[in-house]
Amino acid sequence: MGSAYSTIAADAIARFQRLIGKKVIFITGTDEHGEKIATAAAAGGSTPNDHCDTISQSYRALWKDLDISYDKFIRTTDPKHEAIVEEFYSKVLANGDIYQADYEGLYCVNCEEYKDEKELLENNCCPMHLKPCVSRKEDNYFFALSKYQKKLEDILEHNPSFVQPLYRLNEVQNWVKTGLKDFSISRASVDWGIRVPNDPKQTIYVWFDALLGYISALSDEHEQPNLQTAISSGWPASLHLIGKDILRFHAVYWPAMLLSAGLSLPNTIFGHGFLTKDGMKMGKSLGNTLEPNELVQRFGPDAVRYFFLREVEFGNDGDYSEERFINIVNAHLANTIGNLLNRAIGLLKKNCQSTLVVDSSDAAEGIEFKDTVEKLVEKSKVQFESLQLSSACESVMEIGNAGNLYIDARAPWSLFKQGGESFDSAAKDLVLVLEAMRIIAVALSPVTPNLSLRIYRQLGYSDQQFHAVTWSDTKWGGLKGGQVMALPSPIFARIETVEEAESGPTTQKKVSKKKDKSSRSQSTIGA
């Protein structure tokens, strides 16, 4: 679920950037080399190649189920990637930043990293994986990271947006201030990897290989892979989106590698937090892992996407509990949004033959509700732009809350019964609420693309019209008099809990959802 969370967030950012008119490339993929991959393949009775094919395909299938609209999917076993890595290695070697030396230390196979003893737990256990590190001595090639100590300090000091959030920047600055040590970039004991160009008996260290996927992904499928061609196709990245456990590799090793090769640095590296379940760290040994495939099958992609982006303050750690999940999704998507739309369209069908009686811009003259919606939309835009995804969701949902308050206060069902001017007022009230729903659909589409599409269909728009929307469509005045709404149909099925009499007070979650895979193709640079 940690990988899914990163990718859901990246997709929401990509979709928003596309909405505001940016040309975007969204890169994701699989890191497929290294000792732990080879070990996992052997344990499963397959070759590393076959193992990676299976895992890579499972990620693609999951991203499809979650409506992830990536533009490039890079596998580090792709020949074009290997060619880029070899060229990059040779470039750093020519710059005098690679040398050969013996190394002895404690190595965490799961982290793919040598560890300092002072950062380990009792019995030399890795603090991340809680497994003992192994003692190793090898003749390796090293990257002269220490050479870039001053340059990295200057970059971090003069460009505070380079690492976000701010507390992650502080972490990185503290690491750098303790003194950078050269690190091994080859492995003599690992056979599953890209061969070192000047010494084929060794393979390139997995991180020196994998980080270059951000660049190799930019290579054209039909051209000979070339570092300069890839760079000219979209580098530097606007955003790298990563988990905090791999922040050191991205914010220290990677910038120094790029400086050595004479390449530009990414604009921003954003390190998000971890997910827990019911307040506990997740792990197979604890039997409490959270499988995104199961969540999607039970609750649908919109519910999964919305919950994690709304409930986890982006950058911080976040917790999942099924009770909280169901409560939030029902309250926000089924009740606040779904019921409001269904009530308004139902009343319009009953009293106005499902037809809007006036333009939404005319209906809003002198109405404070319109001003409230406009302020909240602008607020959400600022929040999306600054990667405050949870706050952006909250602002959009406040539009729904305001709509519910407005329709309850106005009580159009009573006004329709009174006839005359009261009838006309009620008809205008429904136009106002439905226009607010249209704006919600656009503003929330980066987070819940299929839910937003279903809202647009209910408002009488075609799928083609929805896929053509931009952020400018959040401007008030889209709905016009004479537009005919679709027949009322729930846009989001409430998640029901049912007590089973036979087995006592146990709870089963029943979900009824339409599988709707229509989504706008989006992309952003980063992963």
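Reply: P236 sits in the loop between α9 (227-231) and β11 (240-243). Here helices (H or I, at least four residues) and strands (E, at least two) are DSSP runs, numbered from the N terminus. A cis peptide bond links W235 to P236, with omega about 10°.

A word on the model itself. It is predicted, so local features need pLDDT of at least 70 and side-chain atom pairs count only at pLDDT 80 or more, while totals for chains, interfaces and linings use all residues. Residues are numbered from 1 along each chain as its sequence is written, and side-chain values use heavy atoms, with hydrogens and water left out.

Now look at P165. Q164 and P165 are joined by a cis peptide bond, and omega is about -10°. P165 lies in the loop between β6 (163-164) and α6 (166-177).

Next, positive phi. S354 is not a glycine, yet its phi is positive, about 65°. Find S354 in the loop between α13 (322-352) and α14 (360-363). S354 counts as buried because its relative accessibility is 6%. Buried means under 20% relative accessible area, exposed means over 50%, and partly exposed lies in between (1.4 Å probe, protein chains only).

L387 is not a glycine either, and has a positive phi of about 65°. L387 is in the loop between α15 (368-385) and α16 (389-410). At 11% relative accessibility, L387 is buried.

Then the helix packing. Helix α5 (residues 149-158) packs against helix α10 (residues 247-261) at about 115°, and their axes are 10 Å apart. That makes α5 roughly perpendicular to α10. Axes are lines fitted to C-alpha atoms, for helices over the stretch in contact, and angles run from 0 to 180 degrees between N-to-C directions. Under 35 degrees is roughly parallel, over 145 roughly antiparallel, 65 to 115 roughly perpendicular, and the rest oblique.

Which residues meet? K151, L152 and I155 in α5 meet V252, P255, A256 and L259 in α10. Contact means heavy atoms within 4.5 Å. By class, this contact has six nonpolar residues, no polar ones and one charged residue. Ala, Val, Leu, Ile, Met, Phe, Trp, Tyr, Cys and Pro count as nonpolar, Asp, Glu, Lys and Arg as charged, and the others, Gly among them, as polar.

Last, a sheet. An open sheet of three strands runs in the order β8-β10-β9, with antiparallel pairing. Its edge strands, β8 (186-187) and β9 (195-196), each pair on one side only. Strands pair if DSSP finds at least two bridges between them.
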